[in-house]
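Please walk through this fold with the model open beside the text.

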Amino acid sequence: MATTDAEIERVRELVAAIPPGRVATYGDIAAAAGLSTPRTVGWIMRTDSADLPWHRVLRADGTPARHLHTRQLQRLAEEGCPLRGDRVDLTLARHHFPISGPSV
């Protein structure tokens, strides 16, 4: 199933809403956007995130993408994000998106 423009924009809105020093996982964003898989978020981030705080999006275990590891952790540390070695402490840094119910 193809990703719609509305889904792409929703993911972009969610990523833009993550405050400095906080993070979200690909799965968190997928759930908040109503997507069936975090892989869709990864694809969107790979193709359309240059103007977003991309460094605030992590894998489920709190680690950054391997190819961005050093740069991503450095940016997060500069924002005051709590790190534990090579990962973010998700219990302290995870951003929780507001739950929105269906429109009535």
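This is a predicted model: local features need pLDDT of at least 70, side-chain atom pairs count only at pLDDT 80 or more; totals for chains, interfaces and linings use all residues.

Residues are numbered from 1 along each chain as its sequence is written, and side-chain values use heavy atoms, with hydrogens and water left out.

Start with the core. A nonpolar core here is a set of buried Ala, Val, Leu, Ile, Met, Phe, Trp, Tyr and Cys residues joined through side-chain atoms within 4.5 Å. Buried means under 20% relative accessible area, exposed means over 50%, and partly exposed lies in between, with a 1.4 Å probe and protein chains only. The largest such core has 17 residues. V11, V15, I29 and V41 have the most contacts inside it. Helices α1 (5–16), α2 (26–33) and α3 each supply at least two of its residues. Helix α1 gives the most, with 4 residues. Helices (H or I, at least four residues) and strands (E, at least two) are DSSP runs, numbered from the N terminus. Apart from this core lies another, of 7 residues, with L76, V88, L90 and A93 among them. In soluble globular proteins, nonpolar side chains tend to be buried together.

Look at V11 next. Beyond residues up to four places away in sequence, V11 touches I29, A33, L35, V41 and I44. Contact means heavy atoms within 4.5 Å.

Now take the helices themselves. In α2, the buried residues are D28, I29, A30 and A33. Their cover includes α1, β1 (24–25), α3 and β2. Just after α2, G34 takes a positive phi of about 75 degrees. In α3, T40, V41, G42, I44 and M45 are buried. The cover over these α3 residues includes α1, α2 and β2 (57–58).

Four arginines come next. R12 lies in helix α1. R12 counts as buried because its relative accessibility is 13%. A polar atom of the R12 side chain lies 2.8 Å from the backbone oxygen of D48. Not counting residues up to four places away in sequence, R12 touches D48, S49, D51 and L52.

R56 sits in the loop between α3 and β2. Why does R56 count as buried? Its relative accessible area is 9%, and buried means under 20%. A polar atom of the R56 side chain lies 2.7 Å from the backbone oxygen of I18. With residues up to four places away in sequence not counted, R56 touches I18, P19, P20, R22, V23, A24, L76 and E79.

R22 lies in the loop between α1 and β1. R22 is partly exposed, with a relative accessible area of 27%. Leaving aside neighbours within four places in sequence, R22 is in contact with R56, L92, A93, R94 and H95. The R22 side chain reaches the backbone oxygen of R94 at 2.6 Å. R22 and V88 are 66 residues apart in sequence, and their C-alpha atoms are 9.3 Å apart in space.

R94 is found in the segment after α5 (90–93). R94 counts as partly exposed, at 25% relative accessibility. Which residues does R94 contact, leaving aside neighbours within four places in sequence? They are R22, V23, T25 and D28. The side chains of R94 and D28 are joined by a polar contact of 2.8 Å. A polar contact is a pair of N or O atoms within 3.5 Å; within protein, one must be able to donate a hydrogen and the other to accept it, and residues adjacent in sequence count only if both atoms are side-chain atoms. R94 and A24 are 70 residues apart in sequence, yet 5.5 Å apart in space, C-alpha to C-alpha.

Finish at the largest pocket. It holds about 330 Å³ of space. Of the 13 residues that line it, Y26, G42, M45, R46 and A65 are the closest to its centre. On a 1 Å grid over the protein atoms alone, a pocket is an open set of points where a 1.4 Å probe fits, with protein on both sides within 12 Å along at least five of seven lines; lining residues have an atom within 4 Å of a point. Helix α3 (residues 38–47) gives the most to this lining, with 5 residues.

Conventions
Grid points are joined across faces, edges and corners, and a volume is the space filled by probe spheres set on the points.
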